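My plan is to jot down what I look up, entry by entry.

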Amino acid sequence: MAWGSHLTQNTLDEVFWAGHNTNSQMRVFTMQEGSNQYSWRDVDIGSWPNGTISSIAKDGTTDWLQFLGTSFPGNAVLGLTRRTANEVWFAWTASSGSGFKQAQVQIVELNTSNYSVISQWQIWNDNYAFAFPSLSTSGQGEVGISLAWGGNQDYGNHAVGFLGDFIVWYPEASDAALTRWGDYVSVRRSVPDPNLFDASGYAVFKQTPPAAGIRFDPYYIQFGRPSAGGVEPGHGDVHL
């Protein structure tokens with residue numbers, strides 16, 4: 001059930017992971033520090049569209065989320081972070097449908113003291129898809145995100161930001177498409193400064209002639225609030 005799911009970042013004394021019973025119920029797994037056993041419980045959430053995940057890139061033909069939609073990791077819960085001792089956030093990719101014109105990211109905030117849902121919301125936009133969420137929590141309790149976006153008039157791209165700002169930032173825009181996008185997208189609390197985030201992503205470009213084919217441009221991003229001594233990510237922005 002939790003095939004492909006990741007483990008929580010910022011675990012403190014307990015690690016969490018999750019899967020889906022249905023598109024309206026999560027199974028949340030947990031394991032205490034020092035324990036040799038894990039447990040689970042089912043949590044009812046708001047229903048979300050779980051059709052085939054897809055998004056056609058700017059070239060009009062390439063489904064840059066094809067591998068995600070037909071193989072791995074599908075709707076696996078990829079983004080997980082323990083924001084506080086009693087608050088864990090979960091994020092995964094959902095398909096279009098149920099009023100969403102594009103693939104989008106579902107986020108559930110859970111109170112682990114009683115396993116009640118604090119909030120459920122989405123990262124979405126009618127003009128492009130979002131996918132492959134990765135979450136982490138800073139030392140100031142702020143949740144950072146690294147994710148993919150694209151489709152319609154764009155190719156597959158990577159962006160980062162702060163959840164709650166309703167905007168994410170990307171350093172460069174891809175100009176080529178492929179059917180497998182999403183490997184190595186991540187965000188972590190920075191070391192040694194826990195108030196900043198470290199993220200990884202990449203862009204896909206056409207080779208410079210006379211070379212043929214495409215090339216990948218992987219990069220590392222460190223970002224944070226100016227008040228925390230960081231630099232907010234810049235270049236281009238995408239509104240959620």
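This is a predicted model: local features need pLDDT of at least 70, side-chain atom pairs count only at pLDDT 80 or more; totals for chains, interfaces and linings use all residues.

How many nonpolar, polar and charged residues are there in the lining of the largest pocket? I looked that up before anything else. The lining has nine nonpolar, four polar and two charged residues.

**Entry: the pocket**

I stayed with the largest pocket for a while. The space in it is about 250 Å³. I found 15 residues lining the pocket, and Leu78, Phe132, Gly182, Asp183 and Tyr184 are the ones that lie nearest its centre. Which strand gives the largest share of that lining? I traced it to β8, residues 129-137, which supplies three residues.

**Entry: the whole protein**

The accessible surface is about 10800 Å², with 48% of it belonging to carbon and sulfur atoms. For contacts with a separation of 6 or more, I found that 51% come from residues 24 or more positions apart.

Where are the cis peptide bonds I noted? One joins phenylalanine 72 and proline 73, with omega at about 0°. I placed proline 73 in the loop between α1 (66-70) and β4 (77-84). Another cis bond joins proline 209 and proline 210, and there omega is about 15°. Proline 210 sits in the loop between β13 (197-206) and β14 (214-223).

Then I turned to phi. Serine 98 is not a glycine, yet its phi is positive, about 55°. I found serine 98 in the loop between β5 (87-94) and β6 (104-111). Is serine 98 buried or exposed? Its relative accessible area is 67%, and the cut-off for exposed is over 50%, so serine 98 is exposed.

Phenylalanine 166 also went on my list, as a residue other than glycine with a positive phi, near 60°. The loop that holds phenylalanine 166 runs between β10 (154-162) and β11 (167-170).

**Entry: glutamine 32**

I picked glutamine 32, which lies in strand β2 (residues 25-32). With a relative accessible area of 42%, glutamine 32 is partly exposed. Which residues does glutamine 32 touch, leaving out those up to four places away in sequence? I got Asp13 and Glu14. Glutamine 32 and glutamate 14 are 18 residues apart along the chain, and their C-alpha atoms are separated by 4.4 Å.

**Entry: threonine 112**

My last stop was threonine 112, in the loop between β6 and β7 (116-123). Its relative accessible area is 12%, and buried means under 20%, so I logged threonine 112 as buried. Leaving out residues up to four places away in sequence, I found that threonine 112 touches Phe16, Ala85, Asn86, Glu87 and Val88. I also looked up arginine 82, which is 30 residues from threonine 112 along the chain, with 9.8 Å between the two C-alpha atoms.

Notes. Residues are numbered from 1 along each chain as its sequence is written. Side-chain values use heavy atoms; hydrogens and water are left out. On a 1 Å grid over the protein atoms alone, a cavity is a set of points where a 1.4 Å probe fits but cannot get out, and a pocket is an open set with protein on both sides within 12 Å along at least five of seven lines; lining residues have an atom within 4 Å of a point. Grid points are joined across faces, edges and corners, and a volume is the space filled by probe spheres set on the points. Helices (H or I, at least four residues) and strands (E, at least two) are DSSP runs, numbered from the N terminus. Ala, Val, Leu, Ile, Met, Phe, Trp, Tyr, Cys and Pro count as nonpolar, Asp, Glu, Lys and Arg as charged, and the others, Gly among them, as polar. Contact means heavy atoms within 4.5 Å. Accessible areas come from the Shrake-Rupley method with a 1.4 Å probe; for residues, only the protein chains shown count as cover. Buried means under 20% relative accessible area, exposed over 50%, partly exposed in between (1.4 Å probe, protein chains only).
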